[in-house]
Amino acid sequence: MRRKSNPCFLTSPLLETIPGLVHGFGLKDCRVRDVRRADGREGFRLVALDQIHSDTIRFFSRASRIPRPGDALATDRPRILVAVKTADCLPILLADPARRAAAAVHCGWRGTAARLAEKTVRALERKYGCRASRLRAALGPCIGPRCYEVGEDVRRAFREAGLSPRDFRPRREHPGKYVFDLAGANRRQLVGAGLKSRNIDLVSLCTHCRAEFCSYRREPAAAGRQINFIGFEGR
């Protein structure tokens, strides 16, 4: 991850290689106005959803002022930044350089158990003619595998969904509890959906450990949300 000239968000070296792509993973002090001013790119419109920890995917195709419920938002329109907000959950940014389509995905454990990352890849293929093997993905800062403690109910939900238990490790000091690798589980989903490993950029920054990020686990009553965004310039 790199910190751009605008100091309030980070970028992916992998996504930076795509011409005309604008993206970023915000720090906790990053605001919408900072995103719009990034690198002098005024005129972009930022669009977000009412996030509900679901597997609902939305597509932005025309102007609308009313946020809609969902946890993944995609577009192929230029100068639109699709965005998700996070505070320990995993933000995933997807881009197809050929189709100039992009998506922002919000994955907590529920979205991961519902295979939201995989379903978003399939939705991009159906809606925009994208190819999974051509997609680039950046997995942003989230709560790390040493800090994300969950109960047996979460592990059971993954088992019932047919997902691998390998991302859960027993926490011996807390019987009945596990630490969960949220980013690792979603990376495996993307590879399983057809993305090439070399086209996935994984950030190893834990929002729970690092004060520059919002963390619901660290301060539930006071936690804000960081904004994560992606979109293409006009041709």
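Guide: Gladly; we will go from rings to strands, then to single residues.

Guide: A word on the ground rules: this is a predicted model, where local features need pLDDT of at least 70 and side-chain atom pairs count only at pLDDT 80 or more, while totals for chains, interfaces and linings use all residues. Residues are numbered from 1 along each chain as its sequence is written, and side-chain values use heavy atoms, with hydrogens and water left out.

Visitor: What makes phenylalanine 9 and phenylalanine 229 an aromatic pair, and why edge-to-face?

Guide: Rings of Phe, Tyr and Trp (its six-membered ring) pair if their centres lie within 6.5 Å; planes under 30 degrees apart count as stacked, over 60 as edge-to-face and the rest as tilted. Here the centres are 5.4 Å apart and the planes are at 80 degrees, so the rings pair and the name is edge-to-face. Phenylalanine 9 sits in strand S2 (residues 9-11) and phenylalanine 229 in strand S15 (residues 226-232), 220 residues apart. Strands are DSSP runs of E with at least two residues, helices are runs of H or I with at least four, and both are numbered from the N terminus.

Visitor: Why are phenylalanine 59 and tyrosine 128 called edge-to-face?

Guide: Their ring centres are 5.8 Å apart and their planes stand at 80 degrees, so this pair is edge-to-face. Phenylalanine 59 belongs to strand S5 (residues 57-60) and tyrosine 128 to helix H4 (residues 116-128), so the pair ties together parts 69 residues apart in sequence.

Visitor: What lies over the face of phenylalanine 59?

Guide: That is lysine 127, at 5.3 Å from the ring centre. A charge sits over a ring if NZ of Lys or CZ of Arg is within 6 Å of the ring centre and within 35 degrees of the ring normal.

Visitor: How many aromatic pairs are there in the whole structure?

Guide: A search finds 7. Ring pairs also link Tyr148, Phe158, Phe168, Tyr178 and Phe180 into a cluster.

Visitor: What makes S11 and strand S13 a pair?

Guide: Two strands pair if DSSP finds at least two bridges between them. S11 and strand S13 (residues 177-180) are joined by 3 bridges and run antiparallel, so they pair. Glycine 151 stands opposite lysine 177 in S13.

Visitor: Which order do the strands of that open sheet have?

Guide: The order of the 3 strands is S11-S13-S12, with antiparallel pairing. Strand S11 (149-151) and strand S12 (168-170) are the edge strands, because each pairs on one side only.

Visitor: In which sense does S10 pair with strand S8 and with strand S14?

Guide: Strand S8 (residues 90-96) and strand S10 (residues 136-139) pair in the antiparallel sense over 4 bridges. S10 and strand S14 (residues 200-202) pair in the parallel sense over 3 bridges.

Visitor: Why does asparagine 228 count as buried?

Guide: Asparagine 228, in strand S15, has 1% relative accessibility, so it counts as buried.

Visitor: What makes its link to threonine 86 a polar contact?

Guide: A polar contact is a pair of N or O atoms within 3.5 Å; within protein, one must be able to donate a hydrogen and the other to accept it, and residues adjacent in sequence count only if both atoms are side-chain atoms. The side chains of asparagine 228 and threonine 86 are joined by such a contact of 3.0 Å.

Visitor: Which residues does leucine 46 touch?

Guide: Contact means heavy atoms within 4.5 Å. Not counting residues up to four places away in sequence, leucine 46 touches Val35, Leu81, Ala83, Ile227 and Phe229. Leucine 46 is found in strand S4 (residues 45-48), and at 15% relative accessibility it counts as buried.

Visitor: What is the phi of histidine 53?

Guide: Most residues other than glycine have a negative phi. Histidine 53 is not a glycine, yet its phi is positive, about 60 degrees. Histidine 53 lies in the loop between S4 and S5, and its relative accessible area is 38%, so it is partly exposed.

Note on methods. Buried < 20%, exposed > 50% of the residue type's maximum accessible area, 1.4 Å probe, protein only.
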